[in-house]
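These notes follow a read-through of the model. Please check the points below against the coordinates.

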Amino acid sequence: GPMAGTPETAAPKLGKVDSIVSMDLDVPANASGVLYALAGFSGGVTCYVKDGFLCYEFNLFEIQRTTIRSKDKLPTGKVTIEVESKLAATIGGPMDVTLKVNGNDVAQGRVPAAMSLHFTSNATFDIGADLDSPVSLDYFDQAPFKFNGTIGATKIEYLKK
C-alpha cells in the first residue's frame, strides 16, 4: 500500500536497471493520482493516473522529459498494472518502457537516456502520492496528487540479463 519518504539511496533502482513494477489497484471511476514517484522536479521517475489514463514519465534533470500514456482509460475495479523497464544497451543508455494493464500492453516508449547513478542525494521514493517536489509537470499544480483509489500489493523485481 502507500509508503512515503524512502531515501533515494535506499529506494529501488528504477530508471537505472531492468525492472518490473507490479501494482494491485482498486481503480475508481475518474481515477487520478500518483502510483509511485522516485526523486523530484529536478529529475526522477513517476507512474501516475491522469483523467483515467495510465502515465509514466522519466524526467532527466529537466533537460528531457519522456512521457508514455495509455491509449485507453484504466478499467474500474480490481486491476493489476505493470511498468517494465529494460535498458536497450548499457546503464545510462536508452531504456524501453512498456505499460501493461491486466497483462496486456497498453503503451510503449523509449527513454533516450536513462540514469547511471542517482537523481539527487536528498530525494525520496513514495507510493500513492508524490510527497517530494513533483516529478512531472503534468500534475505539478495538484501535488502531492494522491491516488484516489486503493493500492494493494506492490512488487518491484529486477530482471536478469
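1. Strand E2 (residues 19-27) and E11 form an antiparallel pair joined by seven bridges. Within this pair, Ser19 stands opposite Tyr158 in E11. Strands here are DSSP runs (E, at least two residues), numbered from the N terminus, and two strands count as paired if DSSP finds at least two bridges between them. The model is a predicted one, in which local features need pLDDT of at least 70, side-chain atom pairs count only at pLDDT 80 or more, and totals for chains, interfaces and linings use all residues. Residues are numbered from 1 along each chain as its sequence is written, and side-chain values use heavy atoms, with hydrogens and water left out.

2. The pair belongs to an open sheet of five strands, in the order E9-E8-E7-E2-E11, with antiparallel pairing. Strand E9 (104-111) and strand E11 (150-158) are at the edges with a single partner strand each, so one side of each has no neighbour in the sheet. From one strand to the next the twist averages 15 degrees; axes are lines fitted to C-alpha atoms, and angles run from 0 to 180 degrees between N-to-C directions. As background, strands of a sheet pair through backbone hydrogen bonds, either parallel or antiparallel.

3. Strand E8 (residues 95-101) has six of its seven residues buried, where buried means under 20% relative accessible area, exposed over 50%, and partly exposed in between (1.4 Å probe, protein chains only). E8 runs antiparallel to E7, and seven bridges join the two; Leu87 stands opposite Met95 in E8. E8 also pairs with E9 in the antiparallel sense, over seven bridges, and there Lys100 stands opposite Asp105 in E9.

4. Which residue takes a positive phi in the hairpin of E8 and E9? It is Asn102, with phi near 50 degrees, and the hairpin has two residues between the strands. Asn102 and Phe61 are 41 residues apart in sequence and 32 Å apart in space, C-alpha to C-alpha. Phe61 is in the loop between strand E5 (53-60) and strand E6 (64-73). The relative accessible area of Phe61 is 34%, which makes Phe61 partly exposed.

5. The structure holds one cavity of 30 Å³ or more. A cavity is a set of points, on a 1 Å grid over the protein atoms alone, where a 1.4 Å probe fits but cannot get out; lining residues have an atom within 4 Å of a point. The largest cavity contains about 30 Å³ of space, the volume being the space filled by probe spheres set on the points, with grid points joined across faces, edges and corners.

6. The lining of the largest cavity consists of Leu14, Gly15, Ser19, Val21, Tyr36, Val45, Tyr56, Val83 and Ser85. E2 and strand E7 (77-87) each supply at least two residues of this lining. By class, the lining has six nonpolar residues, three polar and no charged; Ala, Val, Leu, Ile, Met, Phe, Trp, Tyr, Cys and Pro count as nonpolar, Asp, Glu, Lys and Arg as charged, and the others, Gly among them, as polar.

7. For the protein chain as a whole, the secondary structure comes to zero helices and eleven strands. The radius of gyration is 14 Å, close to the 15 Å that the globule rule gives for 161 residues, so the protein chain is as compact as a globular protein of that length. The radius is taken over C-alpha atoms, and the rule is 2.2 Å times the number of residues to the power 0.38. The C-alpha trace spans about 40 × 30 × 25 Å along its principal axes. Of the 161 residues, 49% are buried.

Methods. Helices (H or I, at least four residues) and strands (E, at least two) are DSSP runs, numbered from the N terminus. On a 1 Å grid over the protein atoms alone, a cavity is a set of points where a 1.4 Å probe fits but cannot get out, and a pocket is an open set with protein on both sides within 12 Å along at least five of seven lines; lining residues have an atom within 4 Å of a point.
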